[in-house]
Amino acid sequence: MTSRLTERATWKALEKHATAMRGAHLRQLFADDPKRGERLAVEAAGLYYDYAKQRVTDETLQALLALADACGLRAKIDAMFGGEKINATENRAVLHVALRAPKGASFVVDGEDVMPSVHEVLDAMSRFATSVRDGSFVGFSGKRIRNVVNVGIGGSDLGPVMAYRALRSYADRELTFRFVSNVDGTDFAEATRDLDPHETLFLIASKTFTTQETMTNAASARAWVLNALGDEAAIAKHFVAISTNAAEVAKFGIDTANMFGFWDWVGGRYSMTSAIGLSTMIAIGPERYREMLDGFHAMDEHYRTAPFEKNLPALMGLLAVWNQNFLGAQTIAVLPYDQYLERFPAYLQQLAMESNGKGVTRDGTSVSYETGPIYWGEPGTNGQHSFYQLIHQGTKLIPCDFVAFCRSHHTLPPHHDLLIANVLAQAEALAFGKTADEVRAEGTAEALVPHRVFEGNRPSATIFADELTPATLGALVALYEHSVFTQGAIFDVNPFDQWGVELGKALAKRIAPELTSQSELGHDSSTNTLIRRYRARR
């Protein structure tokens with residue numbers, strides 16, 4: 001069985017249109033429409049989205065909007081915001097949007113309004129964060145907490161570390177923040193090597209309190225604290241839990257009064273505004289944290305209410321579908337021109353690829369089209385001296401999202417003007433390139449002309465905001481969340497499960513004891529050989 005998406009008249013119309021568009025170049029599209037750069041832009045929640053340099057026409061956009069309607073995008077958005085169990089394989093609602101809604105809003109799951117419990121947790125987080133920040137929460141020996149170590153993995157790590165680095169200019173610089181995720185012991189050892197256990201607080205982030213990597217690191221953290229403080233009672237003063245498993249939390253030695261829960265309708269990669277964001281709140285304070293939530297909520301409301309032709313996340317998602325399935329792109333490069341967003345591309349990798357990296361539709365039929373584009377990137381201008389060569393003159397079509405800000409937190413003239421000049425220049429160069437005649441007019445020797453030609457016609461979009469603030473970060477993350485949802489709605493996949501990560505985890509549990517024993521092996525010949533080699537050399 002194959003999916004019916006490619007049989008839709010709207011899909012076939014896009015295929016036909018894509019054939020006609022193969023001869024179109026952005027040079028000509030701009031020449032034919034002098035106001036293109038003004039028309040093909042949308043502004044919402046403090047973000048300005050310029051998609052004029054995408055390889056689209058008004059006809060393309062109308063065809064994509066028709067596809068969205070045919071795929072029921074509006075109904076799917078309403079179902080998510082309505083608390084319906086759209087995560088069908090796990091029979092769960094998907095309500096991360098409730099985590100950033102203000103008091104007085106209502107989101108109902110199984111007949112119950114979840115907002116009172118959401119704000120109860122937020123208020124508890126605020127009280128605890130304030131007690132760490134003002135020094136009233138102290139360690140076992142009475143010393144003030146000066147180091148906070150978040151221990152998690154996946155969504156319990158990528159969101160917090162990205163947000164902390166993005167908002168460092170708002171963070172309390174008297175506090176040191178570290179993040180441990182990898183089960184590789186090096187990660188824990190390096191994160192703690194220069195910290196004083198008497199002044200260190202660990203946040204153990206695991207909904208079930210059984211995640212193998214997280215609990216292995218948590219056990220090492222526990223031993224590290226006990227080795228220095230020598231008393232089991234110290235655990236309650238140096239550990240808090242972000243979990244729902246009170247029994248395991250208490251067994252570990254953590255005071256369940258310092259356990260911050262969340263709900264099964266919060267997926268891991270959508271959890272940075274749940275209790276998983278406790279490290280962020282401690283870093284920037286409850287007031288700034290709520291500003292971030294307001295930024296999320298502003299984009300949520302825009303996505304929920306704006307018509308699709310003016311809907312920033314919907315347009316971004318539809319353009320991703322167009323570039324991948326009709327122009328042949330396989331990846332999307334996210335290029336933030338702000339060093340504070342150094343971990344933003346890594347965060348988006350999980351958000352996008354764990355969500356839409358699926359080969360079957362919601363009803364289990366195989367897809368016959370491309371899903372889940374690969375997201376990757378690096379802050380500018382570093383990437384310009386790394387992989388931009390391939391983007392400009394290589395054989396692969398790589399659409400780019402440039403992210404930039406009109407103001408910097410650090411006024412070091414002429415740094416920021418030069419940074420912005422680079423981002424605008426790169427987008428312009430990708431779109432328009434340089435012809436052979438233009439190269440010759442510069443006096444280039446004929447033998448070098450082919451090497452200096454830039455084909456151009458490489459699609460990009462630019463996201464501009466005034467400044468990287470907590471609210472701006474919230475809007476930016478929500479933008480990509482909803483773009484990913486839009487793509488999943490078109491692809492007809494479930495963006496909220498991740499069964500693909502389970503098999504490797506199950507096999508690792510089987511292999512782990514085999515590495516330290518001499519038991520018989522029942523794997524393939526390659527795996528068996530590697531295990532024996534490790535046994536002999538470990």
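This is a predicted model: local features need pLDDT of at least 70, side-chain atom pairs count only at pLDDT 80 or more; totals for chains, interfaces and linings use all residues.
Five parallel strands make up an open sheet, running in the order β6-β5-β7-β8-β9. Its edges are β6 (176-180) and β9 (259-260), each of which pairs on one side only. Further in, β7 (residues 200-205) and β8 (residues 239-242) run parallel and are joined by four bridges, with Phe-202 sitting opposite Phe-239 of β8. Helix α9 (residues 212-229) packs on this sheet and touches β5 (147-151), β6, β7 and β8. The direction of α9 makes about 160° with that of β7.

Next up is Ser-355, which belongs to helix α15 (residues 344-356). With a relative accessible area of 0%, Ser-355 counts as buried, because the cut-off for that label is under 20%. Its side chain makes a polar contact of 2.7 Å with the side chain of Arg-269. Leaving aside residues up to four places away in sequence, Ser-355 also touches Tyr-270, Gln-350, Val-484, Asn-494 and Pro-495.

Most peptide bonds are trans, and most residues other than glycine have a negative phi. Against that, the bond between Gly-380 and Thr-381 is cis, with omega about 10°; Thr-381 lies in the loop between β11 (374-376) and α16 (388-393). Pro-413 and Pro-414 are likewise joined by a cis bond, omega being near 5°, and Pro-414 is in the loop between β12 (400-405) and α17 (415-432).

As for phi, Asn-91 has a positive value of about 55° and is exposed, at 52% relative accessible area. Asp-492 also has a positive phi, near 65°, but is partly exposed at 21%.

Definitions and conventions. Residues are numbered from 1 along each chain as its sequence is written. Side-chain values use heavy atoms; hydrogens and water are left out. Helices (H or I, at least four residues) and strands (E, at least two) are DSSP runs, numbered from the N terminus. Buried means under 20% relative accessible area, exposed over 50%, partly exposed in between (1.4 Å probe, protein chains only). A polar contact is a pair of N or O atoms within 3.5 Å; within protein, one must be able to donate a hydrogen and the other to accept it, and residues adjacent in sequence count only if both atoms are side-chain atoms. Contact means heavy atoms within 4.5 Å. Two strands pair if DSSP finds at least two bridges between them. Axes are lines fitted to C-alpha atoms, for helices over the stretch in contact, and angles run from 0 to 180 degrees between N-to-C directions.
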